[in-house]
Amino acid sequence: MITPVKGQKVEYDIRTYRYHRKEKPDNTVKISVAAGAAAGTIVPMLLFAKKQNTNLFKINYGIKEMVLVSAGSIAGGMTAGLIADKKGNQKQKVNESVFQFMNASVPPLIVAGLYRLSKNLTYRIAATAIGLLGGMQLAAKLSNKINDPHDKVPDRKLTFKDSIANIDDALGVLVLAKVPLAEKLHIEKTLPVIYSWCGYRAGISN
């Protein structure tokens, strides 16, 4: 993070900075984006709760539920941000939405695919690590390709520190892994909050 000097306009390095903002968003934007991300999270949750004949707090999260709830939250946050932010930051919000969605969905998709190959415990532990760290790297590369197909700007690089900072986005991997600690802590119950936070970060990006 760059330390600001009085009177100096601060430019954050968008390739490594977690929140991807050049300036603090207005309160109106923040409130609108929070509401949009929450609504985008709840709508698919309601559909899944009805399909599973349960309530919002007891949804069984598989890969389909994770992908669609994360997509809903990010779409909701981005849409609210595009409407509420009058400063012309549309491209930044769309780009950040792509990154957030890829980061939330690619690691679990990789892990789900790898788990089908074996039920061996050692293999599943290795598959979890590969899916989490390798999946986040792949998500960043896919985001760069989608957001900048002609490679006109520097790629957004994901360093080890960035991976740790953004690892909350990919916690669905631990739910799929059925890690004992994750089950004890009921991490699946935190997924809607995590996905809403992804949508919020996408919507306030500028």
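**A side chain and its surroundings**

Mentor: Thr128 lies in helix H4 (helices, H or I, of at least four residues, and strands, E, of at least two, are DSSP runs numbered from the N terminus). The model is predicted, so local features need pLDDT of at least 70 and side-chain atom pairs pLDDT 80 or more, whereas totals for chains, interfaces and linings use all residues. Residues are numbered from 1 along each chain as its sequence is written, and side-chain values use heavy atoms, without hydrogens or water.

Thr128 counts as buried, at 13% relative accessibility (buried is under 20% relative accessible area, exposed over 50%, partly exposed in between, with a 1.4 Å probe and protein chains only). Its side chain makes a polar contact of 2.4 Å with the side chain of Tyr115 (N or O atoms within 3.5 Å; within protein, one able to donate a hydrogen and the other to accept it, and sequence neighbours count only if both atoms are side-chain atoms).

With 37% relative accessibility, Leu138 is partly exposed, while Thr128 is buried.

The chain has eight helices and zero strands, and its elements run α-α-α-α-α-α-α-α from the N terminus on. Of the 206 residues, 44% are buried.

Charged side chains come next. Two salt bridges are found in the whole structure (a side-chain nitrogen of Lys or Arg within 4 Å of a carboxyl oxygen of Asp or Glu). One of them joins Asp26 to Lys87, at 3.9 Å from N to O. Asp26 belongs to the segment before helix H1 (27-51) and Lys87 to the loop between helix H2 (63-84) and helix H3 (90-115), so this bridge ties together parts that are 61 residues apart in sequence. Both ends are partly exposed: Asp26 has a relative accessible area of 41% and Lys87 one of 46%. A salt bridge also links the side chains of Asp85 and Lys93, at 3.1 Å from N to O. Here Asp85 is buried, with a relative accessible area of 9%, and Lys93 is buried as well, with 1%.

Aromatic rings give one pair in the whole structure. The ring centres of Trp197 and Tyr200 are 5.4 Å apart and the planes lie at 15 degrees, so the pair is stacked (rings of Phe, Tyr and Trp, its six-membered ring, pair with centres within 6.5 Å; planes under 30 degrees apart are stacked, over 60 edge-to-face, the rest tilted). The two residues are three apart in helix H8 (residues 191-204), a separation of about one helical turn. Trp197 is partly exposed at 33% relative accessibility, whereas Tyr200 is buried at 15%.

Finally, His186 is placed in the loop between helix H7 (180-185) and H8. This histidine is partly exposed, with a relative accessible area of 39%. Its C-alpha atom is 8.6 Å from that of Val175, and the two residues are 11 apart along the chain.
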